[in-house]
Amino acid sequence: MKRTLLVGALLLAAAACLGAQEKKELNEPSIGWKWANFAILAAGLGYLISKSLPPIFRSRTAEIQKGIAEAQQIKKDAEERAAEVEAKTQSLGADIERFRTESKIEMQQEGERIRQETAAQIARLEQKAEEEIEAAGKTARRELKYYAAKLALDLAEQRVRMRLDASVEQAMADGFIQDLERQDAHNAGSKN
């Protein structure tokens, strides 16, 4: 195919030169040499072009193919990322609903835990209040008994003072002394 193109290019160049030469005089004796020089020049240029251009075209083709491969890889990566983003976007609604459900369940559990702790705290406070009320009741009953005993003693003292006169006091003191003497005698007799 290269040779065909080269031959075609040479023929085209020759035809162009021939057309230009027809306008000049055709009887010129060196025209054959001119055509021979032209053919050699065209063949040399064709040879140089066929040797130097294919490696240039190949390297350029390789660069273009490499660029195309890189672009295709970048496109593939971008499409994969876009697909991932699309999948995440589509699953975002489900994730949000799942988070809502989980948070609702956690809130209910937390609320129940707080209710249980509150109930336990209230029970402890009630028990402590009952204990304090009972202790306060005991203290109040004790103070009331003490107060009642004091009142009874005061009342008894008042009654005794009202009934006592000097002769009754003297008789009581004498009776008390006689009781002590008898007790003392009795204790002395038991020791022997």
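Residues are numbered from 1 along each chain as its sequence is written, and side-chain values use heavy atoms, with hydrogens and water left out. In this predicted model, local features need pLDDT of at least 70 and side-chain atom pairs count only at pLDDT 80 or more, whereas totals for chains, interfaces and linings use all residues.

The protein has 3 helices and 0 strands, where helices (H or I, at least four residues) and strands (E, at least two) are DSSP runs numbered from the N terminus. Along the sequence the pattern is α-α-α. Helix α2 spans residues 31–163. The mean pLDDT of the protein (the predictor's confidence in each residue, from 0 to 100) is 82, and 84% of the residues reach 70 or more. Confidence is lowest in helix α1 (residues 2–22), with a mean of 63, and highest in α2, with a mean of 87.

Of the 192 residues in the protein, 4% are buried; buried means under 20% relative accessible area, exposed over 50%, and partly exposed in between (1.4 Å probe, protein chains only). The protein exposes about 17,300 Å², of which carbon and sulfur atoms supply 61%. Accessible areas come from the Shrake-Rupley method with a 1.4 Å probe, and for residues only the protein chains shown count as cover.

The model contains 10 salt bridges, a salt bridge being a side-chain nitrogen of Lys or Arg within 4 Å of a carboxyl oxygen of Asp or Glu. One of them joins K75 to E79, with the closest N and O atoms 4.0 Å apart. K75 and E79 are 4 residues apart in helix α2, so about one helical turn separates them. K75 counts as exposed, at 52% relative accessibility, and E79 counts as partly exposed, at 46%. R115 forms a salt bridge with E112, the closest N and O atoms being 3.9 Å apart. R115 and E112 also lie in helix α2, 3 residues apart, which again corresponds to about one helical turn. E112 is partly exposed, with a relative accessibility of 36%. In the salt bridge between K138 and E134, the closest N and O atoms are 3.7 Å apart. Both K138 and E134 belong to helix α2 and are 4 residues apart, about one turn of the helix. Relative accessibility is 44% for K138, which is partly exposed, and 48% for E134, which is likewise partly exposed.

Surface patches are made of residues with over 30% relative accessible area and no salt bridge, like charges being joined within 9 Å and nonpolar side chains (Val, Leu, Ile, Met, Phe, Trp, Tyr) within 5 Å. Lys and Arg count as positive and Asp and Glu as negative, while His and the chain ends are not counted. The place of a charge is taken as NZ of Lys, CZ of Arg, CG of Asp or CD of Glu. A patch of negative charge is formed on the surface by E126, E130, E131 and E132. E131 lies in helix α2 and is partly exposed, with a relative accessible area of 47%. A nonpolar surface patch consists of L41, L45 and I49, which together have about 280 Å² of accessible area. L45 is placed in helix α2 and counts as partly exposed, at 45% relative accessibility.
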